[in-house]
Structures are given as structure tokens and as C-alpha cells.
Amino acid sequence: GDESGFATRRGVDMMRVFAERGLTAAGHLIRIRELVAENRGPDEMPPIVIVDRDGSVGAEVYGTIKAYANDHPHEFVVYGFRGSDNARRLADLFDTTRDELWNNGAQWVKLGSLPRNDEKLKEDLHFFEWGSDIHGRKMKATPKKEFRKELQRSPDRGDAALLAMWEPSEVHRDEER
């Protein structure tokens, strides 16, 4: 029942955020290939595509897109993101990578721009609050189930925008080589 969120950005400018319902894993791949073709310049490096790979649906979508990217490495590079994983970048401050994703988004918005006139995106990003884990030691972003309860839907546009803002650690390691 959830929509699938998509977001494109260039530098710190979020170009477009939208969602579609009813896509299969192959449908996700088709949509991503269309977005890459629409937004990539002829002499640019392959763009980075970040896919939410949490859950069975996310794992299937990621697997389909990753298999294609492996066979077509010059079209785009794909990274999977699992919000349920333990925090890696700031593990002393945050519990999960989803918490790190929200922190990254909060920092990014100070520098970047978001599409205007998208009420769902605004709702998705403004409902968020910080709490703490059960031990009171690490910061926790508002749980997704609370978003769903309050908004009466999944925050798909917000999730897509946050993933578009994320830069995988692997990218920086690749640049160092």
C-alpha cells in the first residue's frame, strides 16, 4: 500500500521529489533509468542511486536494481541503505543509520534547497522530532510507525528526499583510492 518515493538532486539543490504507487521491482528500475536519462549530462560520471533496502520489498527492489547496475556500471552506481542497521558514522550519538540519516538531513537542509509547494514533503519533514533511546544515551528520530499513525500514510517523499541527501561512506572511500 505504500507509495515509492523518488528524489533527484544536483549538488545541494533538490530538483524533484515525487511518489508513485503500485510499482514492481522491475518498475522501480524502469523509473530510475528514466530519471537518470532525464538528469544526466553527456559527459558526467554515472550518478549515485540510493535505494532503501529495509524489509522484504526493499530487499527485492534493491536486488533488482543492484543486479542491473552491476551489468551496466556506466549507467549509474547503486548503494543500499538500511535504516535499521546500527549507526556507523556517529555511533556514540545515534542508535541506527536511520537516526544518522535524519541528522544528515537536518544539516543538509541548512545548505540546500527543497522543492516548494509539496505539502506532503513538508509534512514528512516537519513531523520529525528528536528523542532518546531507552537508556537515554543516544538520540533517536521519531519512529516511522509514529509518522504513519499521525500522517495516516508513510512518509515516502520525506524518506526519498533524505536518501537523496545522503552520501554513502563508500563514495568517499572510492574517491580516496
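Which ring has Arg53 lying over its face? That would be Tyr62, with Arg53 at 5.6 Å from the ring centre. Keep in mind that this is a predicted model. Its largest nonpolar core has 19 residues, and helix α6 gives the most to that core, with 5 residues. Here's a tour, topic by topic.

**The cores**

- In the 19-residue core, the residues with the most contacts inside it are Met14, Phe81, Leu101, Trp102, Ala161, Leu162 and Met165.

- How many of the residues of α6 are buried? The count is 10 of the 10, so the helix is largely enclosed by the rest of the structure.
- Those buried residues include Asp156, Arg157 and Asp159 as well as Ala160, Ala161, Leu162, Leu163, Ala164 and Met165.
- Against α4, helix α6 packs at an angle of about 75°, and the two axes are 7 Å apart. An angle of 65 to 115 degrees counts as roughly perpendicular, so α4 and α6 are roughly perpendicular to each other.
- On the α4 side of that meeting you'll find Lys120, Leu121, Asp124 and Leu125, and on the α6 side Asp156, Arg157, Gly158, Ala161 and Leu162.
- Helix α3 also packs on α6 at an angle of about 75°, here with axes 9 Å apart. That makes α3 roughly perpendicular to α6.
- This contact is made by Leu101, Trp102, Asn104, Gly105, Trp108 and Val109 of α3, together with Leu162, Leu163 and Met165 of α6.

**Aromatic rings**

- The model has 8 aromatic pairs.
- One of them joins Phe94 and Trp130: the pair is tilted, with 5.3 Å centre to centre and 35° between the planes.
- That pair links distant parts of the chain, 36 residues apart, with Phe94 in the loop between β4 (77-81) and α3, and Trp130 in strand β5 (residues 130-132).
- Is Phe94 buried or exposed? Phe94 has 2% relative accessibility, so it counts as buried.
- Phe128 counts as buried, at 17% relative accessibility.
- Step back and you see one aromatic cluster formed by Phe94, Trp102, Phe127, Phe128, Trp130 and Phe147.

**Arginines over rings**

- Arg16 lies over the face of Phe18, at 4.1 Å from the ring centre.

**Val77 in strand β4**

- Val77 has its place in strand β4 and is partly exposed, with a relative accessible area of 31%.
- Not counting residues up to four places away in sequence, Val77 touches Pro46, Pro47, Ile48 and Val49.
- From Val77 to Phe6 is 71 residues in sequence and 16 Å in space, C-alpha to C-alpha.

**Two loop residues with positive phi**

- Most residues other than glycine have a negative phi, which gives the next two some context.
- Asn117 has a positive phi near 65° and is not a glycine. Asn117 is found in the loop between α3 and α4, and is exposed, with a relative accessible area of 72%.
- Gln152 is not a glycine either, and has a positive phi of about 65°. The loop between α5 and α6 holds Gln152, which counts as exposed at 68% relative accessibility.

Definitions and conventions:
Residues are numbered from 1 along each chain as its sequence is written. This is a predicted model: local features need pLDDT of at least 70, side-chain atom pairs count only at pLDDT 80 or more; totals for chains, interfaces and linings use all residues. Side-chain values use heavy atoms; hydrogens and water are left out. A nonpolar core is a set of buried Ala, Val, Leu, Ile, Met, Phe, Trp, Tyr and Cys residues joined through side-chain atoms within 4.5 Å. Buried means under 20% relative accessible area, exposed over 50%, partly exposed in between (1.4 Å probe, protein chains only). Helices (H or I, at least four residues) and strands (E, at least two) are DSSP runs, numbered from the N terminus. Rings of Phe, Tyr and Trp (its six-membered ring) pair if their centres lie within 6.5 Å; planes under 30 degrees apart count as stacked, over 60 as edge-to-face and the rest as tilted. A charge sits over a ring if NZ of Lys or CZ of Arg is within 6 Å of the ring centre and within 35 degrees of the ring normal. Axes are lines fitted to C-alpha atoms, for helices over the stretch in contact, and angles run from 0 to 180 degrees between N-to-C directions. Angles under 35 degrees count as roughly parallel, over 145 as roughly antiparallel, 65 to 115 as roughly perpendicular and the rest as oblique. Contact means heavy atoms within 4.5 Å.
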